[in-house]
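I opened the model today to look up a pocket, some helix packing and a few backbone details. The entries follow in the order of the look-ups.

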Amino acid sequence: MLKKKSKTVAGTIFLYNPSMSPIGYDNNSQLSEQDFIYDGEYKELNFNDVMNIFSKSIREGYRGKLIEIKYLFNLNKANIEPTPILEELDADLDRYSSSQLTRYDKELNYQDYLNMRLNGKFVYFGSGHKYDRHHKEIIVYARNIATQAVKLGKDVYFTHDNNYDADECIDIAYFLSPLAAGKIREKRVNSFKDAFRTCPPTIQKLK
């Protein structure tokens with residue numbers, strides 16, 4: 001898609017995983033079960049909560065530019081954080097560099113961070129931070145992606161809180177998601193908006 005666009009790519013936003021469907025379809029079942037036929041053309045997607053936040057936050061300074069969205073995991077489901085799925089992902093990542101088969105397709109579901117291409121000048125990490133400490137491979141994987149972004153010369157931005165200083169966040173892949181539940185929801189959204197009031201964005205400490 002980026003090759004077909006003449007607009008400038010400003011940067012990349014990293015999220016946890018997608019949860020989107022083409023307009024007219026939903027995520028409650030596989031698209032094939034909804035009689036969706038892919039014809040090779042790009043399809044407009046339904047907006048989800050995080051895309052609604054983006055559309056309201058990323059405006060001035062980014063007009064006429066594209067922002068690429070990437071994910072830690074490309075598994076398109078509403079919730080992939082329950083322990084059984086995390087265990088599958090963790091086991092996959094333990095086998096990722098070997099010739100062993102993985103539960104989820106290596107090329108389609110995971111980022112090959114050593115050969116990762118990042119467009120634009122910056123990477124904003126909103127990929128979350130609640131990796132179960134028992135799932136060590138997921139933590140290493142998220143940290144490697146962030147470290148590789150720095151090695152590629154990208155300016156890295158994110159939101160953090162009092163638990164860690166900004167300098168520590170890349171080392172432990174601690175990046176708060178723009179989305180949250182309960183009382184902290186509004187704070188997270190406002191922090192994301194504040195980050196993108198400038199181009200490039202800024203590192204934010206949750207207030």
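Which helix gives the most to the lining of the second largest pocket? I found that helix 1 does, with 3 residues.

Before going on I noted the basis: this is a predicted model, in which local features need pLDDT of at least 70, side-chain atom pairs count only at pLDDT 80 or more, and totals for chains, interfaces and linings use all residues. Residues are numbered from 1 along each chain as its sequence is written, and side-chain values use heavy atoms, with hydrogens and water left out.

Entry: pocket. I read a volume of about 820 Å³ for the second largest pocket. A pocket here is an open set of points on a 1 Å grid over the protein atoms alone, where a 1.4 Å probe fits, with protein on both sides within 12 Å along at least five of seven lines; lining residues have an atom within 4 Å of a point. The volume is the space filled by probe spheres set on the points, which are joined across faces, edges and corners. The lining has 30 residues, and Tyr16, Asn17, Glu81, Ser177 and Leu179 lie nearest the centre. Helix 1 and helix 6 are the elements that give two or more residues to this lining. Helices (H or I, at least four residues) and strands (E, at least two) are DSSP runs numbered from the N terminus. By class I listed 15 nonpolar, 9 polar and 6 charged lining residues. Ala, Val, Leu, Ile, Met, Phe, Trp, Tyr, Cys and Pro count as nonpolar, Asp, Glu, Lys and Arg as charged, and the others, Gly among them, as polar.

Entry: helix 1 and helix 6. I looked up the axes of helix 1 (residues 49–57) and helix 6 (residues 185–195), which come within 9 Å and cross at roughly 40°. Axes are lines fitted to C-alpha atoms, for helices over the stretch in contact, with angles from 0 to 180 degrees between N-to-C directions. Ile53, Phe54 and Ser57 of helix 1 make the contact with Val189, Phe192 and Lys193 of helix 6, contact meaning heavy atoms within 4.5 Å. This contact has 4 nonpolar, 1 polar and 1 charged residues.

Entry: helix 2 and helix 4. For helix 2 (residues 83–95) and helix 4 (residues 136–151), I noted axes within 8 Å, crossing at roughly 65°. Leu86, Leu89, Asp90, Leu93 and Asp94 in helix 2 meet Lys136, Glu137, Ile138 and Tyr141 in helix 4. I sorted these into 5 nonpolar, no polar and 4 charged residues.

Entry: backbone. I found a cis peptide bond between Cys199 and Pro200, with omega about 5°. Pro200 is in the loop between helix 6 and strand 5 (204–205).
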